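Here is a short report on salt bridges. Look over the sequence and the model first.

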Amino acid sequence: MAKSKKYYVVWQGRNPGIYTSWDECKEQVNGYQGAKYKSFPTHQEAEAAFKVGWGKSLASSGNGKNKTSTGKWRGASHETSEEIIYESISVDAACSGNPGDLEYQGVDTQTGERIFHVGPLENGTNNIGEFLAIVHALALLKKQNSNRPIYSDSATAIGWVKKGKANTQLERSNKTEKVWNLIKRAEHWLSENTYTNKIYKWETKVWGEIKADFGRK
């Protein structure tokens, strides 16, 4: 099935405007402090949003209606920041199949520089990778005595981390033993450690793809 075309509006970036690919949009916003951008399914919607500006466009969208002044979203089990906090770590996972070969990484949200990368791991899932990536980032930040927040675009994985358990249906077998060992190690870390780092949901519809995205969509 062909991927539907998107149009990217950049209100604040190196060169504000409308772009027809994520790569073009990314050049304008990646590493740009306070960048504001969002994807739209049609050029007409993108033009209208660009004309009214970021604030009015967000307020007229479903996300804007649900947003509170503290940056939390009503009816959601996660938190989102009012704007991108660039002094943070962004994580993402990529999986070819379900289950399939899995890898995950964490990058500096400001620069996009890779901080850690794990994989490929056989017989994993995307949510498992996101879960492992968040815990990996938490453990790393604890060692560094850093209170930097973490971004993930997986509400499911964020929920698992907060509950301290990966609620995956992945079958337990010899083929999945390595992945399950990593899951149990991550769960054990969560049970033995406390942390104050905020874990925020990356709002893809507002900000575009997360900085740690593998670019394989």
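## Salt bridges in the predicted model

Glu-187 and Lys-184 share helix H7 (residues 177-192), where three residues, about one turn of the helix, separate them. Helices (H or I, at least four residues) and strands (E, at least two) are DSSP runs, numbered from the N terminus. The two side chains form a salt bridge, with the closest N and O atoms 3.2 Å apart. The term means a side-chain nitrogen of Lys or Arg within 4 Å of a carboxyl oxygen of Asp or Glu. By this rule there are three salt bridges.

This is a predicted model: local features need pLDDT of at least 70, side-chain atom pairs count only at pLDDT 80 or more, and totals for chains, interfaces and linings use all residues. Residues are numbered from 1 along each chain as its sequence is written, and side-chain values use heavy atoms, with hydrogens and water left out.

| Salt bridge | Closest N to O |
|---|---|
| Arg-148 with Asp-108 | 3.8 Å |
| Glu-187 with Lys-184 | 3.2 Å |

Glu-83 sits in the loop between helix H4 (62-66) and strand S4 (89-97), and Lys-36 in strand S3 (residues 36-40), so the pair ties together parts 47 residues apart in sequence.

Arg-148 pairs with Asp-108. This pair links distant parts of the chain, 40 residues apart: the loop between helix H5 (126-143) and strand S7 (150-152) holds Arg-148, and strand S5 (residues 100-108) holds Asp-108.

Now accessibility. Buried means under 20% relative accessible area, exposed over 50%, partly exposed in between (1.4 Å probe, protein chains only). Glu-83 is partly exposed at 37%, while Lys-36 is buried at 10%. Arg-148 is buried at 16%. Asp-108 is buried at 18%. Glu-187 is buried at 9%, whereas Lys-184 is partly exposed at 34%.
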